[in-house]
Amino acid sequence: LLLVDMVAANLATAAHFPTLATDVLQRVVELLRLFNSRATQLVLLAGAMHSAARLSKITAKHLALTSQCLGLVMALLPHTRAALSAQLPPKHHLLLVEMDRVKQDYLEHHERILSKFVSIVGEIVESLSNSIGSTDWDRSGGASNCQFIVDSIKNITTMHKVLSAQLPPEQVQEIFSRIFDLLNHKVPDYFASVDPSTPAGQQRVLDDIQYLSHSLDRLRGVSAANLKLEDHFRARFPNAK
């Protein structure tokens with residue numbers, strides 16, 4: 001909000017003193033770039049852990065709040081550009097290309113944050129995959145779901161809860177579509193060495209994958225239409241139901 005106030009004050013200066021519009025444009029561009037740069041350093045690059053803030057870690061909530069701030073600024077950029085354009089002499093309109101570059105910088109930062117959410121889930125799921133190899137799929141009376149499946153659902157659900165509380169629905173859907181694509185590629189690799197020797201063991205693998213898929217499909221406000229794990233494992237174990 002402080003950034004918005006500062007930009008608004010500069011726009012008011014340009015409106016009252018049109019001869020200063022070129023200087024105001026440069027000042028606004030500097031402010032916007034400084035905010036974007038500091039937000040990148042402190043949150044995305046975890047600089048806040050070593051700053052006066054002394055955060056113990058950068059969480060998904062911190063990333064989501066930063067994403068919201070970037071979204072607000074990006075929503076205001078076209079109006080800021082138009083306000084400055086109205087005060088600039090025609091020969092200086094070419095300077096507005098700097099505003100376009102600022103917009104691109106914000107878009108790239110925002111994209112990096114969305115990708116970070118996916119990589120966080122990817123790192124968690126990969127760390128959990130070690131338990132797959134220790135699961136005896138053929139053991140009679142074994143647990144209904146292996147620990148990898150249970151813990152993956154728990155962590156992904158937690159991520160969904162955090163993002164749903166902070167981000168607009170369309171962004172949550174975009175992030176989870178990418179997460180599901182990641183699972184489509186990674187989970188089959190994690191199960192590559194799983195080869196149950198009994199029909200019951202094969203059925204248990206498929207049951208676990210179905211449980212994972214159905215649990216993720218029930219996440220509020222998220223479509224799991226691109227999650228294809230069940231198709232992969234049905235093809236791998238055609239005798240399982």
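Mentor: Happy to. Let's begin where the axes of H3 and helix H5 (residues 147-166) come within 9 Å and cross at roughly 25°. Here helices are DSSP runs of H or I with at least four residues, strands are runs of E with at least two, and both are numbered from the N terminus. Axes are lines fitted to C-alpha atoms, for helices over the stretch in contact, and angles run from 0 to 180 degrees between N-to-C directions. H3 and H5 are therefore roughly parallel to each other (under 35 degrees counts as roughly parallel, over 145 as roughly antiparallel, 65 to 115 as roughly perpendicular and the rest as oblique). Their crossing is right-handed, the term for a near helix turned clockwise from the far one by less than a right angle, with anticlockwise being left-handed.

Before the residues, a word on the source: this is a predicted model, in which local features need pLDDT of at least 70 and side-chain atom pairs count only at pLDDT 80 or more, while totals for chains, interfaces and linings use all residues. Residues are numbered from 1 along each chain as its sequence is written, and side-chain values use heavy atoms, leaving out hydrogens and water.

Back at the crossing of H3 and H5, which is right-handed, H3 contributes Ala60, Lys61, Ala64, Leu65 and Gln68 to the contact, and H5 contributes Met159, Val162, Leu163 and Gln166; contact means heavy atoms within 4.5 Å. By class, this contact has 6 nonpolar, 2 polar and 1 charged residues (Ala, Val, Leu, Ile, Met, Phe, Trp, Tyr, Cys and Pro count as nonpolar, Asp, Glu, Lys and Arg as charged, and the others, Gly among them, as polar).

H5 also packs with helix H6 (residues 169-190): their axes come within 12 Å and cross at roughly 165°. That makes H5 roughly antiparallel to H6, and this crossing too is right-handed. From H5, Phe148, Ile156, Met159, His160, Leu163 and Ser164 meet Val172, Ile175, Phe176, Leu183, Val187 and Tyr190 in H6. These residues divide into 10 nonpolar, 2 polar and no charged.

Leaving aside residues up to four places away in sequence, asparagine 145 touches Val150, Arg204, Asp208 and Tyr211.

Now return to H3, this time for the largest pocket. Helix H1 (2-16) and helix H3 (60-87) are the elements that give two or more residues to its lining, which is made up of Leu3, Val4, Val7, Ala8, Leu11, Leu32, Val73, Leu76, Leu77, His79 and Thr80. By class, the lining has 9 nonpolar, 2 polar and no charged residues. The pocket holds about 160 Å³ of space. A pocket is an open set of points on a 1 Å grid over the protein atoms alone where a 1.4 Å probe fits, with protein on both sides within 12 Å along at least five of seven lines, and lining residues have an atom within 4 Å of a point. Points are joined across faces, edges and corners, and the volume is the space filled by probe spheres set on them.
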